[in-house]
Amino acid sequence: MRADRRRGYGLDPARERAGGPYGEDADLVETSVRAMLANQQPSGAFIASPDFPQYHYCWLRDASFVAHALDRIGELGASARYHDWVVTALEGIAPAMEAAMREHRAGRELEPAEMPPARFSLAGLAVADNWPNFQMDGYGIWLWSLQQHLHASGTEHVAERALPSVERTARYLATFALSPCFDVWEEDGQSVHTSTLACAYGGLMAAASLLDRADMADRAEEVQAVVLERGRRAGRFEKSSANREVDASSIWLSVPFALVDAFHPALVETAAEIAGRLEFEGGIRRYPGDTYFGGGAWPLLSASLGWHYASLGDIASARVHHEWIAGHFDVEGRLGEQYGGEHRDPVMYREWVSSWGHPAKELLWSHAMFVILSGALASAAPERSFDRSTDRSTDSGEPNDLQAEPNERSS
Ligand code: BGC
């Protein structure tokens, strides 16, 4: 047992991973934890995928979820090293962040390519290439993940060294939270994306508490108001300001970022649409028109939807997604980015394979979300009956997931 394990959200790693609450899942959870730890770099960065050369970088988005999964399992030392690495990486782009904010105050905007990056080299350096830079979600996810990490470590206190990066990132997030930028799938740089707003909200609320800054909570509420107004008009949460389709990442509005309650009618509608329209061979796809590697089903999105179900007490549905993911570990214990694209859209699948090779067979973010879902199930109360007509549990229990504490103040 490593000395750095303290409290992983009340889930005792020794107990869980030796077949305690994780029960039959213990081996797979251990496999996922090993994959994440083994792929942490000496720098502290988490490589997105070791077998897919295009992903030999560290994304704030993927890696901040990885750090959170490790916190939940009690591997606090590994996630502390990651957060330390982020602080250094963010120090390196401080001039770019300040320049972007200065230009914005002056009524000008930098070109998207000049904006601070969403991904770094494993050494923590910004990379000069044509990959889209301007993606706000990762900054929000990092602040949220850092707050969760500190909480799991038994403190709310940001270390002196990290403070300038946390403060600058919070200002940067507050400045650009509502600006059009690239989405979490790095495809559309012209729109305001729902899941990006969810991440921004989570990050701003985390910053408000870490820095004791009411202005950050006010900004978070502005973000929330925009999302709720859109949800009210459409009756569901759409992919972006420009796209009325559904996107599976919108489920993060409830868990983990708590912009809306899991029972909010527009969220319930969105979850039903994700389950109904994005299911493929048992897993969950990104969005209807996705053709990346044929647009297969992604474990991390199946886990996200499962986490949402677990948070509202629909354990049976959460388990369905959990089992689908569990069935996709290969014999070497690897869990990939997506499955089934070669059947869904063979032409696009082949096109991507001919330019980039086969899709990632080992994706750390997939492992992270599997561990998180396993933890949510392990901490869930025994099976409760669930009435799908109202999406309410028929007993009086509270939502199960330890992370699901909606912050919504009005709806
Ligand atoms: C996904 C991103 C992800 C990256 C690395 C891309 O294909 O769209 O969300 O951060 O891969 O995993």
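In this predicted model, the residues around the ligand are Ala48, Tyr55, Trp59, Arg61, Asp62, Val184, Trp185, Glu186, Leu363 and Trp365. Sorted by class, that shell holds seven nonpolar and three charged residues, with no polar ones. The chain as a whole has 411 residues, of which 54% count as buried, and its secondary structure comes to 15 helices and six strands.

- Among contacts between residues at least 6 apart in sequence, 72% join residues that are at least 24 apart.
- The largest nonpolar core has 123 residues, and the members that touch the most others are Val66, Leu173 and Leu204. Helix H8 gives the most to this core, with 11 residues.
- Once its neighbours within four places in sequence are left aside, Leu204 is in contact with Gly140, Leu173, Ala174, Ala177, Met216, Arg219, Ala220 and Val223.

**Helix H7**

- The buried residues of H7 are Ser165, Val166, Thr169, Ala170, Tyr172, Leu173, Ala174 and Phe176. In general, an α-helix has 3.6 residues a turn, so residues three or four places apart point the same way.
- What covers the buried residues of H7 includes helices H4 (76–92), H5 (94–105), H6 (137–152), H8 (194–211) and H9 (214–234).

**A buried charged residue**

- Asp71 lies in helix H3, which covers residues 60–73, and Asp71 counts as buried because it has 27 C-beta neighbours inside 10 Å, where 20 or more are needed.
- Although Asp71 and His149 are 78 residues apart in sequence, their C-alpha atoms are 6.1 Å apart in space.

- Most residues other than glycine have a negative phi, and most peptide bonds are trans.
- The peptide bond from Val255 to Pro256 is cis, with omega near 5 degrees, and Pro256 is found in the loop between H9 and helix H10 (265–277).
- Ala258 lies in the loop between H9 and H10 and has a positive phi of about 55 degrees although it is not a glycine; with 23 C-beta neighbours inside 10 Å, Ala258 counts as buried.
- Asp212, in the loop between H8 and H9, has a positive phi near 55 degrees, and Asp212 counts as exposed because it has 9 C-beta neighbours inside 10 Å.

Note on methods
Residues are numbered from 1 along each chain as its sequence is written. This is a predicted model: local features need pLDDT of at least 70, side-chain atom pairs count only at pLDDT 80 or more; totals for chains, interfaces and linings use all residues. A residue is buried if 20 or more other C-beta atoms lie within 10 Å of its own, exposed if 12 or fewer, and partly exposed in between; C-beta atoms are placed from the backbone. Helices (H or I, at least four residues) and strands (E, at least two) are DSSP runs, numbered from the N terminus. Two residues are in contact if their C-beta atoms, placed from the backbone, lie within 7 Å. A residue is near a molecule or strand if its C-beta atom, placed from the backbone, lies within 6 Å of it. Ala, Val, Leu, Ile, Met, Phe, Trp, Tyr, Cys and Pro count as nonpolar, Asp, Glu, Lys and Arg as charged, and the others, Gly among them, as polar. A nonpolar core is a set of buried Ala, Val, Leu, Ile, Met, Phe, Trp, Tyr and Cys residues joined through C-beta atoms within 7 Å.
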